[in-house]
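Subject: Structure handover

Hello,

Here is the structure I promised to pass on. Please open it first, then read my notes below.

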Amino acid sequence: MTERVLVTGASIAGPTVAYWLDRAGYDVVVVERSPQLRLGGQNIDVRGSGREVLRRMGLEQTLLANGTTEKGTRFVDDSDATIAAFPAGDGSHDGPTAEMEILRGEFARILVESAGPRTEYRYGDRVVDVAQDADGVDVTFASNAAERFDLVVFADGIRSSSRELAFPAEAETTPVGLYTAYGVLPKGPSDDGWWRWYNAPGSRVANLRPDNLGTTRFSLSWVSDDGGYEGASTEQVIAALRATFADVGWEVPRILNSLGPDSELYVDYLAQVQAPRWSNGRIGMLGDAAWCATLLSGMGTTLSVTGAYVLAGELARARDHRAGFEAFEARMRPFVNQAQKLPPGVPRVAHPKTTVGVAAFRTVLRLAGSKPVQAVTSRFLGPDAATLELPDYEFRR
């Protein structure tokens, strides 16, 4: 009898694990709380073993063709002059800009469109209760529907409400002390296809990045020891951004002037997740819900894609959920632990507080961007694209 699996979250980890579980012969239901597929979001990249998983899915060339077209990363000064430039990677090695840079929404769309015949997507609902026994998991949804599944995989975000149903108070969420607000701007004449990074005193950073949809993505980051805005209204977030960045030059006034009630705006107080276990009986978790490493690691999407492949493969290999979950965690845990080790001083080292600190940071960048040393230093400016050795799992289909 075919086993049924429920997966929560239709972003990256969820659709990827659904793809491979479908290939393994499971019937899969993916539930997403948004009323439709969320197509918004910023640049994400895939490196190392994540690229290999996408090759095995036959999606690598499709994703590259739908990339953001980002040419590389330029660190700029107040007049937009280049301090240092790091061209996009070529796949063998990626610096700050990877070869595969794609909008989160575009990536999610392509993953969902690749779903197999045994996969069903449901939108506008979420899990509110789970009760498991030796033979399965009874799931209650916010819609009041109730169904029974053989396995459940929580693959939603860092603040997953589903996770607390089966792993109450187990996961430790550790803030890294950085706010980042993300949004979208009309493309302007100064937007030249490069990711532009600007530092201002007060531990503040502004970024502008190209996309393939005719707009420009922006982010505003600032170091803070206090959270709270991640749950605030759009009006409150806009007021906070205008107050925090009121005296900053460069392109920041353009960003602030674009903000309004209808802005596509998202703010997050970055944090990592450490969970002592990733499974509880017939329920497992994956991606940011299990191990968020933050965007500062540069490995979030790579971990999600790799972990999804490994989880589906180990469940297919073992055909016993206990052994499958255990093998998955044994293989992935060292890889995740490595990715969560942020470089010393992050995020403050890239967010200097004083004018002197900004000047010193730019001096280091000028040296790093010089041709004689760029090949070496780009390895430190980009994330560690460590590659997990991927087994060749045998899938049914």
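E106 is buried, with a relative accessibility of 13%. In this predicted model, its side chain forms a salt bridge with that of R109, at 3.2 Å from N to O. Both sit in helix α4 (residues 104-113), 3 residues apart, which means about one helical turn separates them. Residues three or four places apart in an α-helix point the same way, because a turn takes 3.6 residues. R109 is partly exposed, at 23% relative accessible area.

A second pair links two strands. D138 and R148 form a salt bridge, with their closest N and O atoms 3.1 Å apart. D138 belongs to strand β9 (residues 137-141) and R148 to strand β10 (residues 146-149), so this bridge ties parts 10 residues apart in sequence. D138 is partly exposed at 34%. R148 is partly exposed too, at 35%. Elsewhere, shared partners join salt bridges into one network of R51, E52, R55, R56, E60, E99 and D392.

How many salt bridges does the whole structure hold? The search finds 36. One of them pairs the side chains of D80 and R196, at 3.0 Å from N to O. D80 is in the loop between β4 (72-76) and β5 (82-87), while R196 is in strand β13 (residues 195-200), so the bridge ties together parts 116 residues apart in sequence. D80 is partly exposed, at 23% relative accessibility. R196 is buried, at 1%.

Next, helix α6 (residues 234-244). Its buried residues are V237, I238, A240 and L241. They lie on the same side of α6, because they cover an arc of only 160° around the axis. Among the elements covering them are β12 (172-186), β15 (215-223), α7 (252-258) and β16 (266-274).

Last, one loop is worth a look. Which loop holds Q340? Q340 lies between α10 and α11. Is Q340 buried or exposed? Q340 is buried, with a relative accessible area of 11%. Beyond its sequence neighbours within four places, Q340 contacts Q272, V273, Q274, W291, C292 and A293.

H351 is also placed in the loop between α10 (321-339) and α11 (355-369). H351 counts as buried, at 4% relative accessibility. Setting aside residues up to four places away in sequence, H351 touches L178, N199, S203, V205, S221 and V223.

Best wishes

Conventions. Residues are numbered from 1 along each chain as its sequence is written. This is a predicted model: local features need pLDDT of at least 70, side-chain atom pairs count only at pLDDT 80 or more; totals for chains, interfaces and linings use all residues. Side-chain values use heavy atoms; hydrogens and water are left out. Helices (H or I, at least four residues) and strands (E, at least two) are DSSP runs, numbered from the N terminus. Buried means under 20% relative accessible area, exposed over 50%, partly exposed in between (1.4 Å probe, protein chains only). Contact means heavy atoms within 4.5 Å. The arc is that of the directions from the helix axis to the C-beta atoms. A salt bridge is a side-chain nitrogen of Lys or Arg within 4 Å of a carboxyl oxygen of Asp or Glu.
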